[in-house]
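Okay, thanks everyone, I'll keep this short. Have a look at the model first, and then I'll talk you through a few spots.

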Amino acid sequence: MEWNHYAIARAVHVLGVVLWIGGVAMVTTVLLPAIARRIPLAEQYAMFEAIEQRFAWQARWTTQLVGVSGLLMLWLTDGWARLAHTGWLHAMLFTYAVFTLMLFVLEPFVVHRWLAAQAKANPAATLRRLQRMHWLLLTLSLLTVLFGVVGAHGGW
C-alpha cells in the first residue's frame, strides 16, 4: 500500500483548522458570554485569563500544524505559482499570520499586560473589548475557511 502524502497533509490541515477555529468559536460564542453573565464583574478578566491560557497552547500548536501542513501541500503539488496568484490562499496566509503574531508575540508580550491593567481600571470595558476582538478574529477565520474550501474545490 502506498501512502497518499497530499491526502494525509490535507487531512492534518483540516483537523488543525477544526481544532483552532472551533476553539476560537467556543471562546467567542460560549466562554466570553458565560463569563459576562455568571461571574462578578471584578473577577471576569481573571476567569477569562485562567481559561484562555489553557486554550492558547492548543491554538499555538494547531496554528503551526496548519502552517506546516499547508506548506507541505504546496510543496507536494509544486503550488508556489498558484500561491502567488490565488486570493483564497492569500486569505489563508493572512489569517495564519494574524493569529501567529497574536499568539506568539502580541498576546504574551504586549496584550496580556495591557488588558490586565485595563481590567483593573475598567473591567466592563475590558471584557467588551475582548468580546469585540474575538468576534473580529472569528469573522476573519470563518470567512477564510469559507473562501478556502470554495477555492480548494475550484469555485474561484
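So, when I say contact, I mean heavy atoms within 4.5 Å. And keep in mind that this is a predicted model.

Let's start with Ser 69, which sits in helix H2, residues 44-77. Is Ser 69 buried or exposed? Buried: its relative accessibility is 4%, and the cut-off for buried is under 20%. If you skip its neighbours within four places in sequence, Ser 69 is in contact with Ala 9, Val 12 and His 13. Its side chain also has a polar atom 3.1 Å from the backbone oxygen of Val 66.

Next, the largest pocket, with a volume of about 740 Å³. Which residues come closest to its centre? Out of 30 lining residues, those are His 13, Val 17, Val 66, Met 73 and Met 92. Helices H1 (5-38), H2, H3 (80-84), H4 (87-121) and H5 (123-152) each give two or more residues to the lining, and H1 has the largest share, with 8. By class, you get 20 nonpolar, 8 polar and 2 charged residues in that lining.

Last stop, H5. That helix has 30 residues and runs 43 Å from first C-alpha to last, close to the expected 44 Å. Its buried residues include Leu 127, Leu 130, His 134, Leu 137, Leu 138 and Ser 141. What do the buried residues of H5 pack against? H1, H2 and H4. And just after H5, Gly 154 takes a positive phi of about 80°.

Technical notes. Residues are numbered from 1 along each chain as its sequence is written. This is a predicted model: local features need pLDDT of at least 70, side-chain atom pairs count only at pLDDT 80 or more; totals for chains, interfaces and linings use all residues. Side-chain values use heavy atoms; hydrogens and water are left out. Helices (H or I, at least four residues) and strands (E, at least two) are DSSP runs, numbered from the N terminus. Buried means under 20% relative accessible area, exposed over 50%, partly exposed in between (1.4 Å probe, protein chains only). A polar contact is a pair of N or O atoms within 3.5 Å; within protein, one must be able to donate a hydrogen and the other to accept it, and residues adjacent in sequence count only if both atoms are side-chain atoms. On a 1 Å grid over the protein atoms alone, a cavity is a set of points where a 1.4 Å probe fits but cannot get out, and a pocket is an open set with protein on both sides within 12 Å along at least five of seven lines; lining residues have an atom within 4 Å of a point. Grid points are joined across faces, edges and corners, and a volume is the space filled by probe spheres set on the points. Ala, Val, Leu, Ile, Met, Phe, Trp, Tyr, Cys and Pro count as nonpolar, Asp, Glu, Lys and Arg as charged, and the others, Gly among them, as polar. The expected span of a helix is 1.5 Å times one less than its number of residues.
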